[in-house]
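Trainee: I am new to this structure. Please take me through one part of it closely, the packing of its helices and what surrounds it.

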Amino acid sequence: MRLGIRCYSHSLLSLFQDSAQIHKSPLIFTHVIEAFYSFLQLAIIIALFVTFPLFWYFLKLFVQPGLFKYELKRINYFYFTIFIFYIFFSYVLFYYIMPYCYYFFVTFGSSHLLFLAKFNEFIQFYSNMFT
């Protein structure tokens, strides 16, 4: 697990930073284990996001033998529609809504305040918006 976090941690973080458009301000951490914990939290969030459709697909495969053909048709249509909406709304949330929300909260202060984003608070902001 440590190797997986180390290999993909910076590319996953850059994906989130690209969507929030915060290349100018670096993310800081103030505790010894905060960076490790934040990368772990980021990996868990992405794993849940990816495995959520798989969970519903395997649930459908489990229920499928007990369904009639007309019920199976409706379930297949329902699952296809839900999957398309899941992909579409995830894309809209991640690339359109989240950057505007982050920009709003970052620019909420005055010119006398300097914003330095903490690494774990940045990850928690994304996890709170997705849940």
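**The core and the helices around it**

Mentor: Start with the largest nonpolar core, which has 16 residues. Phe119, Phe122, Ile123, Phe125 and Tyr126 have the most contacts inside this core. Helices H2, H3 and H4 each supply at least two residues of the core. H4 covers residues 119-130. Keep in mind that this is a predicted model.

The protein chain has four helices and zero strands. Read along the sequence, its pattern is α-α-α-α. Of the 131 residues in the chain, 28% are buried. Take the contacts between residues at least 6 apart in sequence: 80% of these join residues at least 24 apart.

Next, look at two of those helices together. H2 spans residues 34-63 and H3 spans residues 69-106. Their axes lie 11 Å apart, and the packing angle is about 175 degrees. An angle over 145 degrees counts as roughly antiparallel. H2 and H3 are therefore roughly antiparallel to each other.

Which residues meet there? On the H2 side they are Phe49, Phe52, Pro53, Trp56, Leu59 and Lys60. On the H3 side they are Ile75, Asn76, Tyr79, Phe83, Tyr86 and Ser90. Sorted by class, the contact of H2 with H3 has nine nonpolar, two polar and one charged residues.

Phe49, Phe52, Phe55, Trp56 and Tyr86 form one aromatic cluster.

Compare Tyr91 and Tyr96. Their ring centres are 6.0 Å apart and their planes are at 75 degrees, so this pair is edge-to-face. Tyr91 is partly exposed, at 43% relative accessibility. Tyr96 is partly exposed too, with a relative accessible area of 43%.

Is Ala117 buried or exposed? Its relative accessible area is 3%; under 20% counts as buried, so Ala117 is buried. Leave aside neighbours within four places in sequence, and Ala117 is in contact with Pro26, Leu27, Ile28 and Tyr102. Pro26 is 91 residues away from Ala117 along the chain. Yet the C-alpha atoms of Ala117 and Pro26 are separated by 7.2 Å.

Glu34 is found in helix H2. Glu34 is buried, with a relative accessible area of 6%. Beyond its neighbours within four places in sequence, Glu34 is in contact with Ile28, Phe29, Lys118, Phe119 and Asn120. Two names here link back. Ile28 is also in contact with Ala117. Phe119 is among the residues with the most contacts inside the largest nonpolar core.

Terms used: Residues numbered from 1 in each chain as written. Predicted model: local features only at pLDDT ≥ 70, side-chain atom pairs only at ≥ 80, totals over all residues. Heavy atoms only, no water. Axes fitted to C-alpha atoms, helices over the stretch in contact; angles between N-to-C directions. Parallel < 35°, antiparallel > 145°, perpendicular 65-115°, else oblique. Contact = heavy atoms within 4.5 Å. Nonpolar A, V, L, I, M, F, W, Y, C, P; charged D, E, K, R; others polar. Core = buried A, V, L, I, M, F, W, Y, C linked by side-chain atoms within 4.5 Å. Buried < 20%, exposed > 50% of the residue type's maximum accessible area, 1.4 Å probe, protein only. Phe/Tyr/Trp six-rings, centres within 6.5 Å; stacked < 30°, edge-to-face > 60°.
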